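Here are a few notes for someone opening this entry for the first time.

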Amino acid sequence: MARAKIALIGAGQIGGTLAHLAALKELGDVVLFDIAEGVPQGKALDIAEAAPVDGYDATMSGANDYADIAGADVCIVTAGVARKPGMSRDDLLGINLKVMKSVGEGIAKHAPNAFVICITNPLDAMVWALREFSGLPKEKVCGMAGILDSARFRHFLADEFKVSIKDVTAFVLGGHGDTMVPLTRYSTVAGIPLPDMVKMGWTTQEKLDAIVQRTRDGGAEIVGLLKTGSAFYAPAASAIEMAEAYLKDQKRVLPCAANVEGAYGLDGMYVGVPTVIGAGGIEKVIEIDMNKDEKAMFDKSVDAVKGLVEACQGIDSSLA
Ligand SMILES: NC(=O)c1ccc[n+]([C@@H]2O[C@H](COP(=O)([O-])OP(=O)(O)OC[C@H]3O[C@@H](n4cnc5c(N)ncnc54)[C@H](O)[C@@H]3O)[C@@H](O)[C@H]2O)c1
Ligand SMILES: O=C(O)C[C@H](O)C(=O)O
């Protein structure tokens, strides 16, 4: 069977890490695309030159022309600008919206059958705009954020409980912004929900609240440390998990920004929800039961995303 083709639109910090991870996992042949001349070619050559040492079979190429992504099975989009200290993700909306237009048109023309994973921020509004600009089927366009936010939550929890990360599960839903919703009732240590861990005396409610807040601020914490850009290792690992689920038809249950029609009382908007990812793309949106407090947090997050979508429509009249 022919190898899959993976197009990485944006060859910056995340794009380069994605290429290396895709190669190490032998997910397919990789094309790195960027507007910066030489950068995708340089990264592709560098990663190809690591293959003899690491022993992976995957070709790497760099491109500045969308024609080179032709027939891609998966497109992962990181094109655009990352925030710096003092900025919110939402400050990137105007500049990255223009990028989504050119990327959406490029994918629609050259890789209309691809499964598209958007990473560019502000995530939920950008994946919505990318879907609008590309016109691809809704189940084939999604956004990466929930896996990253949940991974951060899991890391902080494993650290607090001094247990293996393998035994910690977490679900962070909602928009990928300050209003994201880490769901403690649906996050567990070996199946034990976090509120029970508090009752069992493994931690206190105050410490758990602080971990929830640190999770919400997780992106800003890294931006504050790096100063020149934002996180890229964990974001790349998270998107690769989604790409692998699609390419191998794994039916993974993963929190992703998906187009939600009907569930959660939503009418075709993108926001972070639990999904099933397989060969059909986003094969299912899972509607979980939320109590009053959880629903209030989720609704607030949905409203924040709606505000960003409206801002996009105000900037580009073709989206209205
Ligand atoms: N969804 C998430 O959870 C998450 C996590 C981390 C970062 N991000 C976002 O991902 C994006 C990329 O982050 P990064 O660290 O890789 O940034 P980066 O600056 O290192 O890379 C971005 C790349 O995009 C390229 N680019 C700019 N305009 C382009 C265009 N029109 N067409 C093609 N390429 C273009 C740039 O040349 C650059 O190489 C940012 O918007 C960042 O905020 C999202
Ligand atoms: O925080 C950012 O700006 C990047 C990304 O959204 C993240 O959560 O790491």
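Which residue of strand 5 is the bridge partner of Cys75?

1. The partner is Val116, in strand 5. Please keep in mind throughout that this is a predicted model. The bridge belongs to the pairing of strand 4 (residues 74-77) with strand 5, which is parallel and has four bridges.

2. Strand 5 covers residues 115-118, and its side chains point two ways. Phe115 and Ile117 take one direction, while Val116 and Cys118 take the other. All four of these residues are buried, that is, on either side of the strand.

3. Strand 5 also pairs with strand 6 (residues 141-143), in parallel and through three bridges. Here Ile117 has Cys142 of strand 6 as its bridge partner.

4. Helix 4 (residues 93-110) forms a right-handed β-α-β unit together with strand 4 and strand 5.

5. Turning to ligand 2, the residues around it include Arg83, Arg89, Asn121, Arg152 and His176. Leu148, Gly219, Ser230 and Ala231 are also among them.

6. Ligand 2 taken alone exposes 260 Å², of which the protein buries 95%.

Definitions and conventions
Residues numbered from 1 in each chain as written. Chains lettered and ligands numbered in written order. Predicted model: local features only at pLDDT ≥ 70, side-chain atom pairs only at ≥ 80, totals over all residues. Heavy atoms only, no water. Buried < 20%, exposed > 50% of the residue type's maximum accessible area, 1.4 Å probe, protein only. Helix = DSSP H or I, 4+ residues; strand = E, 2+ residues; numbered from the N terminus. Pairing = 2+ DSSP bridges. Right-handed = clockwise from strand over helix to strand, strands pointing away. Near = heavy atom within 4 Å. Areas by Shrake-Rupley, 256 points an atom, 1.4 Å probe, with all protein chains shown as cover.
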